Amino acid sequence: MGIVPVLFVIMVIASVVANYRKATRQRILDEKRRLEKRKKMELDKNAKEEVQIRTQPSVQIPPYAPAVKKKGADRAPSAKPHVSLNRMRDAVIMAEILNKPVSLRDK
């Protein structure tokens with residue numbers, strides 16, 4: 001009676017080991033297949049790129065005429081600025097004041 005449970009345990013251990021080995025082999029084979037697929041895809045991609053590079057027609061850039069420069073009198077008058085110089089100066093001063101700690105502010 002004592003030998004049957006021992007044999008049963010040995011059979012279970014042997015089964016687990018066999019399944020583990022089988023799963024390991026399958027993982028290795030799957031990884032090899034994935035690597036082969038990747039290599040094949042990269043080779044196909046590189047071949048397609050080479051074909052596209054070879055078959056592209058050469059483009060000649062036409063010479064462009066130099067840009068026409070207008071004289072100062074021909075230009076439109078510049079737009080009046082939206083902000084006056086005094087308002088800009090006040091904004092800069094306030095930015096400097098507000099950027100300081102309260103104890104260092106002059107105003």
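Arg34 and Glu31 are 3 residues apart in helix 1, a separation of about one helical turn. Helices here are DSSP runs of H or I with at least four residues, strands are E runs of at least two, and both are numbered from the N terminus. The side chains of Arg34 and Glu31 meet in a salt bridge, with N to O at 2.9 Å. A salt bridge is taken as a side-chain nitrogen of Lys or Arg within 4 Å of a carboxyl oxygen of Asp or Glu. Arg34 is partly exposed at 43% relative accessibility, and Glu31 is partly exposed at 36%. On this scale buried means under 20% relative accessible area, exposed means over 50%, and partly exposed lies in between (1.4 Å probe, protein chains only).

Asp30 forms a salt bridge with Arg33, where the closest N and O atoms are 3.5 Å apart. Both residues lie in helix 1 (residues 3-55), again 3 residues apart, or about one turn. Asp30 has a relative accessible area of 25% and is partly exposed; Arg33, at 48%, is also partly exposed. The whole structure holds 2 salt bridges.

## Basis of the model

The model is predicted: local features need pLDDT of at least 70, side-chain atom pairs count only at pLDDT 80 or more, and totals for chains, interfaces and linings use all residues. Residues are numbered from 1 along each chain as its sequence is written, and side-chain values use heavy atoms, with hydrogens and water left out.

## Nonpolar patch

Phe8, Val9, Val12, Ile13, Val16 and Val17 make a nonpolar surface patch of about 530 Å². Patches take residues with over 30% relative accessible area and no salt bridge, joining like charges within 9 Å and nonpolar side chains (Val, Leu, Ile, Met, Phe, Trp, Tyr) within 5 Å. Val17 lies in helix 1 and is partly exposed, with 37% relative accessibility.

## Overall fold and surface

The protein has 2 helices and 0 strands. Of its 107 residues, 1% are buried. The accessible surface is about 11,400 Å², and carbon and sulfur atoms account for 62% of that surface. Accessible areas come from the Shrake-Rupley method with a 1.4 Å probe; for residues, only the protein chains shown count as cover.
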